[in-house]
Amino acid sequence: MMRPLYLLTLLVLFLPLVVSLSREYGVWRPITNTSNPYVIEIAKFAISHNNKRNNKSLVFQSVDGGDIHRSDKLDAYYKLTIVAKDEALPSRPAGKYVAGVWDQSIQLVRKLYYFRKSQN
Ligand SMILES: *[C@@H]1O[C@H](CO)[C@@H](O)[C@H](O)[C@H]1NC(C)=O
Ligand SMILES: *[C@@H]1O[C@H](CO)[C@@H](O)[C@H](O)[C@H]1NC(C)=O
């Protein structure tokens, strides 16, 4: 049987680890740097995938914001607001779109869950 003091010591040792893990994983966190090349790559993936799927000709301009939900180190779900220009409608200004992308970096698996015009 473990002695209470031993248990307490274990708790004190591992609590910061558990807290830091739960802060990083399993929660939605805002994207702080929208110029991050990896985030831009995810946004471009969403655009090109939607172009192919729906015969669109949107061209990436920038990432306007978003949130990331990490399940673990390599598994993440991105909700992005993307600014893109529609080449099929050149007279229209660039518009905002929202996309949901799941990214599993170790196997290079990416999946576009949705892509639509932003309501705001
Ligand atoms: C954001 O990311 C870009 C590209 O990695 C980098 O050049 C820039 O310094 C970063 N900005 C901030 C505020 O961290
Ligand atoms: C794809 O879109 C272009 C214009 O954006 C159109 O000319 C073409 O016919 C479309 N192709 C299909 C298969 O719908």
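Good morning. The model is a predicted one, in which local features need pLDDT of at least 70 and side-chain atom pairs count only at pLDDT 80 or more, while totals for chains, interfaces and linings use all residues. Residues are numbered from 1 along each chain as its sequence is written, and chains are lettered from A and ligands numbered from 1 in the order in which they are written.

I begin with the overall layout. The protein chain holds two helices and five strands, arranged along the sequence as α-β-α-β-β-β-β. Helices (H or I, at least four residues) and strands (E, at least two) are DSSP runs, numbered from the N terminus.

Contact here means that the C-beta atoms of two residues, placed from the backbone, lie within 7 Å.

I turn next to β4 and β5. Strand β4 (residues 95–104) runs antiparallel to β5, and eight bridges join them. W102 stands opposite K111, and V101 has L112 as its bridge partner. The two strands form a hairpin with four residues between them, and L108 in the turn has a positive phi of about 50°.

Which residues touch the most other members of the largest nonpolar core? Among its 14 residues, they are A43, A46, L80, I82 and A99. A core of this kind is a set of buried Ala, Val, Leu, Ile, Met, Phe, Trp, Tyr and Cys residues joined through C-beta atoms within 7 Å, and a residue is buried if 20 or more other C-beta atoms lie within 10 Å of its own. Beyond its neighbours within four places in sequence, A46 contacts L80, I82, A99, V101, L112 and F115.

Finally, ligand 1 is surrounded by N33, S35, N36 and P37, each with its C-beta atom, placed from the backbone, within 6 Å of the ligand.

Conventions:
Pairing = 2+ DSSP bridges. Buried ≥ 20, exposed ≤ 12 C-beta atoms within 10 Å, placed from the backbone.
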